[in-house]
Every structure is written in structure tokens, then in C-alpha cells.
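Please walk me through this structure in the viewer. Tell me what to select at each stop and what is found there.

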Amino acid sequence: MRVPTASFFQQQLAILNDQYLKIAKIYNQASSGKKIQRTSEDTVLAGQIKMTDDNIHDLLSYSSSGVSAQNRTALFESSIQSGLSSVGRIQELIMQVQNNDTLTDQNRVAIATELQGHLQSLLGAASTRDGNGEYIYSGFNTSSPPFIEQDGSYLYTGDLSEARLEIGLNKNIIYSESGFRVFGSIPTGNGTFTVGLEAANTGTVSTTAGAVVNNSNFIQDNYTLTFVTNGAGKMGYQVIGASSGQVIPLPPLTTPADAPDYVAGAAVTFSGISINVSGVPEVGDQLQIKPSVGESVFDTLSGLISQLQTPVGSNAVDKAKLSQHISQAAASFTQISDQLIAYQSEVGTRLSLVDNQINLNEKLITDQMVIIGKLQDADLVTIFSALSQQLAGLQATQESYSKIQNMLLQMLQI
Amino acid sequence: MSDITSIGMHSLLAFQAALTVSSQNIANVNTPYYSRHEVDFAQAFGSGVEISNVRRLYDFHQSQNLQQKNSAFAKMDVYLQRISNFESLLDDSTNNISRYTNDSLDALRQLNGNVGSIDSRSVYLNKLTNLTHRFNDISNEIYRQKDNINKSLQSNVDSSNEILTEIASINHQVSSSQGEDQSALLDERERLVQNLAKYFDFTTRLDTQGVLNVYVGNGLQIVNGNDAASLTTIPDPENSANIQIMIKSGTHLTPINNFIQSGQMAGLIQFGQKGLDVASRSLDRLALVMAEVFNNQSKLGVDLNGDLGGNVFNDINSANLMARRTLANGNNAGSCDMTVNIDNARQLTTSDYRLRFDSTTHYVLTRINDNTVVGSGTISTLPQTISADGFSLNLASGGTFVAEDSFIISPTKNASSDMAMIITDAAKLALGLPVVAEANQQNTGKGISQVTSVDDTTNSAFSIAKQLNPPIKVEFLSPTSYRLVNAIDSSVLEGPLAYDPIDAAKNPVNIFPTPGGYNPGYKVTLTGDIKTGDTFNIAYNTNPRGDNRNGKLLADLYQKKLIENDTLTFTNSYDAVSHDISVKTTGAQAGYESSSSLLKQAEVTYNELSGVNLEQEAINLTRYQQAYQASAQILEAAKTMFDIIVNLARR
């Protein structure tokens, strides 16, 4: 085969060029630390890298909402914590009033004043705002405080909806809460019914908050207990339900003739309900037993405060009425405390859910990072050995080129 | 005696000529397409040696082979260079549409945790604007590159024309200088042919006179002896953005785009069609789908001010855009105004369509990519609407058609260059839903109501600003039955309807029973134990400051497969385009390498015969020089002999 001189030079040039290109590619790998600089160098590998990168990106974007959710949930937790500590102190104060017969009107006003402070701090807890000034207990309506006072009662002005944030695929966490659900609608009394004294009572009876003692017999109704003189000429009582009719004495017994005798401190039991009644009633005095209704913490507390602020002096009838209010308030606050504790544990669950999700995301991200590292990072040892190999090849080419060149020159010098 | 002198004379002259040939070879060692010459010596009877022939070492078949390889390499060279540049544009990891899409999703997810914040809203708006700009930038770059292709094709055509004229002129000189040394002419023509091969592919034939004729495709002659036809370009009648290459002979124009399979022109055309056109149609479709679904979702929401949401991006069916999606063939005899409405961007393909009339009233609509007929029929009256593949074509009244009229329909055309943000006020991002359904605060039951979807805000229920028309109260007549009441005038809209709390615990009950029931364009469900007298209020969401329900639905759009028969998400769709170009670049790289090595082989084979080897020439030079010196010695000897004889005679 003849190799024309021009072709020989061209070929040498092409070989050198090719080697320079290979070395440049290795330099690129070394300087960027990546196996491939662009997709076309290895479309399959690039596809895998892209997929992993997308996964990581997706997880990362969830983790940012995870952090928001974490902060929000922590805010719920701290606000409910502060609410609960107020409620605890309120319950102590109620107990103090209940168990201390020697309190004067002034003592009670002082207690009412402290309760006033707790009312404010509870309101403060419900009106918690985030860093952007958005109320967290107003549902969607985050620009207005959840509860405002209007004519002595507390109105929920927020929204009843809950806004949720996605912290993982289809994992949503509440980030804006309905304050009505948390603070606005807690059943009064013992949670099932309330017991109230008729305002016109002239006797000194008062009652415990009572309880449902037999669920299967329980019938919800508006009951009225009236003290009557029974057939034996003693102080007796009858109970009539607005829709269930006469329940004490049970028909066919008639009232007032068959009304059972009143025994102070003993339990009155009807329709699955049991209430302990004490004190000295007058004939015609009445108790109203009604189904509980939802009431806001703030209304319950401000009702209690106004009762405590009303002087009773030494009037036994007024004292009985006050004591009835206090025992109802105590029962209501048990409900409130239960509700807030339940909510606190719900928030706790939410917080651990967020934490778990964040941890899971972080773990997944770490795993994917390892995978993508293996896929895309160039191995420096391999690079340098490839580089020295290429450089050796280049050197050999250059040397053979110059040797052949010399031969040609020598030949031409003949 | 005179014989010796004569022999010496002849051989001296012969070797002098041989030395000239070798010198000429050596001098042209680096001249491209110089064919070396070799001398043939022959014994001259009685007078020594003579040069019987100076051969030009040239093989026409090797030349044709080299010409083909030159074309193939030039095509791959230009194709690889263009497509790999294009790859860099699309496959830029920090600056591509997928990345901007993901960035905007990140911002939206963050925003959904803080929908009341104007700052967070602005961040999302900026991310969407960046995304829009990237669409514009890429499409501008595609237009620029298309323009550049056309300019390059034009300059290819100009250079080709020059070469064609020169070849014809050399043909003329060759035929008029028969019997003379034509080597220089032939070498020059060889250089021209090989250079022309870099522009496009053709075949050549040598006639007995040594005249070279040039043909394109299957026998279309562009150089005929002394005459050369010229190439010219016209705008493609089916796509004004492209140009078509024509052969012009006299006034007759013949399109040859389809014949050009190789050479730079083919590389440019292929990059335009397989690179730019394919990518730009996919990107345009992506822009259309994004604009459509974002706009639709936004219209179902409420903004920070409590107003119903509007378009996020510009309307994909504006009059201007609709009118620009069709192109009448320049040769049409009839005319008709047409607009293209995108009915459902999710059903769009990345193809253009051809509407062709085979009579004055009968049309055939063909999807060009796979050559499938997607519609045909008779048009008896105008206006008329033809629908296919997610778009509909509106033919305006007053149009006329003539058989063989054709129109190109490009539903996706210009979408990414025209994409623009309409919302500039961050408060107008519609992140809430316009409806809230709330249990009455006095309810004694535990029923929970929820708005499950808002489907149509053009429903009359939304005809009054910031109010439902009418707001609805759901009244429970018993724990198992309810009715729907107009909350303003207390008129009964529907009911009583049955409610099953046990069933509702599993599947929340849709309060507007479907089908056939009252349909206000949104859906509300109830679940839980509900007591007699409980009510639920369904009202307009006038304080949506903390409502992220529509924001989450917007975020869902990013994860949904909405493109290409619901198989691709937004980012999938972009990645597919980018990946396709990368795969084509890989293919082009392989094609480049193989065509380059084939070209090298062809050059080696060609030069093996025709190229100059300096060693060989040096040896020849030495050889001829020695022979020349020896020949001189012959003359010297003859002279000496002559002198001896003369001296003898003198004695």
C-alpha cells in the first residue's frame, strides 16, 4: 500500500486530535466530578440520574412544607399548652370556692379578678398568630381573630373549615384550625346534661352535677323536678319530662299523692340519670335538667366570673344558687379540660406524624443521594488511571510521529 | 557514433522530462486533488529511450466513492454540530423548563403553607414568570436557529451555483482542448466536484470526450456539458418558516428537497425537521396544556380579595392566536378564512394537519405525522366546524374551495413564543375555593360538611359577585332526611332527600344527588350523625385569606399525567423532548464517527493511487538524476570517442 505524504500527515493529525479530545473529556470529568457532562454522552445513565434527581427534588420540596407544618403544629401545641395551664388554675380556683364556705363576697371578687386574667390568657391562646400575623385558629379566615366579645358574650368570627398542608404524597396536616372546634363548642354541665335551679326558688336546695348511670335507660329530654307535698304529707318530689312525661313517680302511680319522700343528700334517679340533691327545699321549688349545649370556653368562664362578682352576703337561698352555679361550672371545666387534653394529644399525634414524615423524607433523600452519587460521580482513581493511560498513548504517538518525521528528513538528505 | 549521441540525447531529454514530472509531483505534495503523474519509459528503437506516456493516476470510480463519502460526512458534520448545540440549550441542568416547573411547584408548596402572605404569593408568581420566559427564550432560540438554517441553506445554494457554473466552464475548456494536456483542468474539476459534494449529493457521468455531467436525484440533470442549471430557494408553500430548494432551468422550477439526502444541505434540513420542528411542536403543546389547565383551575378558585379567579396565562383561544394556526397553500385557487380553537389541549398531538379538498365540497383532514385521515366529509354550507384530536377548525362563511386546495393546520403553533403571564398582582392568584360549607354552630349533631369540588364557576350559582346565587341552607328534617333551602328567601330548592348516616360514614353523601338533581357547579358532602333541626350553610367564601384548597389543586396539576393521552406530566413532557434531542445527538455522534472514518478510508483509497509520496518521488528523483548524469556521460563518451576519431584523422 502506498501512503501519500499528505495523507500520512493528515492521519497523524487526526490521531492526535482524537487523543486530545479523549484527554479533554477526562479533564472535564475530573474538573466537574461527573461521569457525563451532557445527556448524549450516555442517554441511559443520564435518564437514571434524571429520575433520581427528580425523586430527590420532589422529596426536598415536601420537606420544606414539612418544616412549615412542623412550625405550625408546634405553635398549636404551645398555644394549647398555655390554654391548659390556665384551665388548670381555673379549676383550682373553682375548687377553692366550692370547698370553702367561709369566703366573703370580697374574697370571691378577688378570685373573679384572677379568673379575668385567665380569661384573657385563654383568649390570647386562641388568638395565637404565626410569624406572618395570620391567626391559626380562624379556619380560612386567617386575617381576623377567632373570637370577639360582643354584648358580654364571645362570638366565633373565624371560619369552620380547616386548611391542610401536604407534607408527603397524600399526607396532609392541619395548618389552620377551626377555633370553634377547639374552644367554641364544649358541652356544658357534665357533658350530657345541665342541672339548674329555678330563679324563683325560695328553698336552699342545690345539686351535684349528676351523671348518666345507666346508658341503656338514658333518655335525653328537658326534665323538671318539682318539690311537692306528697300523700303522706311529707316533702316529696316529682320529675316530668317535656316529651317523656311523668318519670317520678312512674305511672300508674300519681303525683303528688305518690311522690317519693325527699331525703337530703340522697340520689334522685330517673331515665338513667342520677343527681344528688341536698339542702332544704320549699314546696314549689324546681330544678331544670336539660341536655348540654355547646358553649365557648370564654362564655363559660365569663358566666362564672359574673356569678362570683354578684354579692350574696349571708342569704342562704342566694348562697345555694351560687353553689349550684359553681358546681355546674366545675363540671363544665372538667369537660373543657378533657376537650383541651384530647386536642393536645391530637396535636401531639400530628406533631409526631410530621416528625416521622420529615425523618422518612430525610432518610429517603439520603438514600437517593447515595444512589445518585454512585450514578453520576466520577471515580477519581479511575479518572486518573485513564488519564495517565491516555497521556502515555499521546506521548507514544508524538514520539513515533517525530521519529517517522526524522526518517523522512534523513531520507530526503541523501 | 551518431547513434550513441542520439541515444545519449534522447535519454538525457527523457530523464529531464521524468525529473520535471517528479518535481511537479513533489511541488504539489500538498495540493488537494492533485493527481500525481508517472512516466512510462519505452525503448526507442535504435535511439535509446523515450517517454511513451505521462500517466495521470486517477480513477473515476474512486472519485465517485470519495464524492459520496464527502457528502455523507458533510451532512453528519453539520447535523452533529447543530443538534449538539441544541442539546446544550435544552439539556442545561440549571436552566431548563423542567427545572423552572419544579421551582414553581416548590414555591407553590411553600405558598400553600402561607397563602395569606403576599411575599410568598409574589415568589410563586415570579417562578411562574421565569417559567414563561424560559418558554419564550427557547422558542426565540428555535426561531433564530430556523432562520439560521434558511440562511445557511441559501449560502449553500449560492456556493453550489458558483461551482456548477465553473464545472460547466471547465467542461467547455475540456471539450475545446482535445489532445492537449488537460491535467490541470481535470484536477481543478475534481476539486470542484468534491467541494460541491459537501453541499449536496449528486451523481456524475463522464462522456467519451471527458465532459462531466452532473445529476440530482433520479436523473435530473444540473450540469449538461457546457450548460449548468442553477439552484434557487422559495418559501415552502406549506410552511412559510421553511425554504424549499428548487432547480431552475429556464423559467421552470423543480423542487428537490426530497432528493437531497446527503451533504450539508441535507444535514441542515434534517436538523430543522427532526430537531427543531419536533422539539418546538412538543414544547408548544406543553405550553398549551399548562396554560389551559392552570387557567381552568384558576377560574374555579377565589383570590385573596374574594373575587373569582381569572386566567393565569394568556387565553390560548384569543382571536389573534386562533387565526394564526392555519396556513393556506400558496397555490390555492379558492380562499376561506379559518380559525383553530383548542377544545382540549390534553388531547392535542404534536403533529400538523393537512386539510385538502378533493372537490369543491369534499374535504379530507389528515394528521401529517402518521398520515392518518382524522376527518372527511362534505361541506354544503358555511360556516362549518370540523373537530379532531382536541381542536376544532372553524371555516368562516363566504369561503370558496376548489379541488386540490389545501391548508396546513398547526394547532400548537406559536404557543410557547406567545405564552405570557396575565396575573401580575400576586393577590389575584386564586388559591382558595369560592364555596364554604359549614355546620351551624348551634348544631347538636356531629355532622361534618365538606366542599369536595368546584367544577364550574360559570354556573348561575356564581352569577353574583362575592355571593352564591343562592346561598343554600341544608335543613335536617329528621336524622335521615334533609332538604335544600334557599338561605335568602327560605324557598325549598329540593327535598326531602334521604340521608343514611351508616352509609355516609363510609362514603360521605353528596348533598346534590346526581344525576338529575339540583346542580350548582360545586359538590358538597355530609358525613356523621346529624340531629333533627341541624343545619349546614353553604355560602360564598368571602374571607379566603387562609384557604389553600385551590392552591393544593394547582399543586396537584404538576403531578398529574395530562399530556400525550394522559401519559406524561409537565416535566415528563419536557424531559422527553430534551431526551429525544440527546438521543439524536448520540446517534449523530455515532453517524459522524462512522462517516468520518468512511471518508478517511475513501481518501486513503483515492490518494493511494493519486496522492504524492515524497519518499517515492525522492527515490525517483535520485534515480532519474543518476540516469540523467549517466546519459550525460554517454554524450561525454560519444564526444570523447568523436575526439579520438578526429584526433586520429588529424594525425
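The tour goes from the interface to a sheet and then to some backbone details.

Before you start, note that this is a predicted model: local features need pLDDT of at least 70, side-chain atom pairs count only at pLDDT 80 or more, and totals for chains, interfaces and linings use all residues. Residues are numbered from 1 along each chain as its sequence is written, chains are lettered from A and ligands numbered from 1 in the order in which they are written, and side-chain values use heavy atoms, with hydrogens and water left out.

**Stop 1: the interface**

Select chain B and chain A together. In contact are 56 residues of chain B and 45 residues of chain A; contact means heavy atoms within 4.5 Å. The two chains bury about 4100 Å² between them, with 48% of it on carbon and sulfur atoms. Buried area is the accessible area (1.4 Å probe) that two parts lose on being put together, summed over both.

Now show the polar pairs. Between chain B and chain A, 27 residue pairs are in polar contact, both residues at pLDDT 80 or more. A polar contact is a pair of N or O atoms within 3.5 Å; within protein, one must be able to donate a hydrogen and the other to accept it, and residues adjacent in sequence count only if both atoms are side-chain atoms.

Colour chain B by element. Helices (H or I, at least four residues) and strands (E, at least two) are DSSP runs, numbered from the N terminus. Elements giving two or more residues to the side that touches chain A include helix H2 (60-90), helix H3 (97-112) and helix H12 (614-650) of chain B. H11(B) gives the most, with twelve residues.

Next, pick A:Asp58 and B:Arg109. They form a salt bridge, the closest N and O atoms being 3.4 Å apart. The rule (a side-chain nitrogen of Lys or Arg within 4 Å of a carboxyl oxygen of Asp or Glu) finds five salt bridges across this interface.

**Stop 2: a sheet in chain B**

Select S11, S16 and S15 of chain B. These three strands form an open antiparallel sheet in the order S11-S16-S15. Strands pair if DSSP finds at least two bridges between them. At the edges are S11 (338-342) and S15 (384-388) of chain B. Five bridges join S15(B) to strand S16 (residues 391-395) of chain B. Zoom in on B:Ala388, which stands opposite B:Phe391.

**Stop 3: backbone details**

Go to B:Pro383, in the loop between S14 (372-378) and S15 of chain B. The peptide bond from B:Leu382 to B:Pro383 is cis, with omega near 0°.

Jump to chain A. The bond from A:Thr255 to A:Pro256 is also a cis peptide bond, with omega near 5°.

Finish at A:Ser271, where phi is near 45°, a positive value in a residue other than glycine.
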